[in-house]
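Hi everyone, thanks for coming. Let me put the sequence and the structure up, and then we can walk through them together.

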Amino acid sequence: YCAAKGWTCNMPVRDNNPVTDNIQLILNNFRGEVIKGATLFEIRFKDLNHEAVVMSLGESDDIIASSFSVQQPDVFNTPTAVTIEYLAAAGGPDGTSTYKERSFTISQSGAVVDEAYNAFSIQCLGLSDLNSVQQMAYYFLERLVTNKTCSFAAGQKAAQLDPMDLIQVTHTIPG
């Protein structure tokens, strides 16, 4: 997947962090998640170019109405900007490539800013070109601004879902 999409992860693992933190740093570079099963670990990813709905659930036959709730943090806890920390390739004086730490910040209005109030910072040290960094910044900002959690109990149909499957929910509570 990463090769087909042009994503690379040439990142140093330089801090003495727990393995789980280092894995998360790698997964940040392509919107991946580790799904833990009974005996297997599986890597899943979110594809910006193709996020198809796997299943539609409605209250008529799937969602137990009394269990449906929507939670959203208050506006003060919602980031208004995202800062991506990355390593950009730079030519050295002797013709060799070196990497310099850079950051890219984008605000909720879509403007690139130097400083932002309530910015969320994320490390994507495996990304080195600005185009990939910008795509990742837009992705994380969209997810953080939406920031709503829906919880409900569902019927047998929902048992077919896998972690990170995209679903469509139709219910009278949120409209």
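So, what is the mean pLDDT of the protein? The mean is 79, and 83% of the residues reach 70 or more; pLDDT is the predictor's confidence in each residue, from 0 to 100. Some housekeeping: this is a predicted model, where local features need pLDDT of at least 70 and side-chain atom pairs count only at pLDDT 80 or more, while totals for chains, interfaces and linings use all residues. Residues are numbered from 1 along each chain as its sequence is written, and side-chain values use heavy atoms, with hydrogens and water left out.

Confidence is lowest in helix 1, residues 2-5, at a mean of 69, and highest in strand 7, residues 119-123, at 88. Helices (H or I, at least four residues) and strands (E, at least two) are DSSP runs, numbered from the N terminus. Where pLDDT is low, the predicted coordinates should not be read in detail.

Now the core. The largest nonpolar core has 16 residues; such a core is a set of buried Ala, Val, Leu, Ile, Met, Phe, Trp, Tyr and Cys residues joined through side-chain atoms within 4.5 Å. Buried means under 20% relative accessible area, exposed over 50%, and partly exposed in between, with a 1.4 Å probe and protein chains only. Strand 5 (81-91), strand 6 (97-107) and helix 3 each give two or more residues to this core, and helix 3 gives the most, with seven. One of the residues with the most contacts inside the core is V133. Not counting residues up to four places away in sequence, V133 touches I84, Y86, F104 and L127, where contact means heavy atoms within 4.5 Å. There is also a second, separate core of five residues, including L57 and F68.

Next, two residues to look at. Leaving aside neighbours within four places in sequence, N22 is in contact with V13, D15 and N17.

Then there is T149, which lies in strand 8. T149 counts as partly exposed because its relative accessibility is 44%. Beyond four places in sequence, T149 touches S69, V70 and Q71. The C-alpha atoms of T149 and P73 are separated by 9.2 Å, although these residues are 76 apart along the chain.

That's my tour, so over to you for questions!
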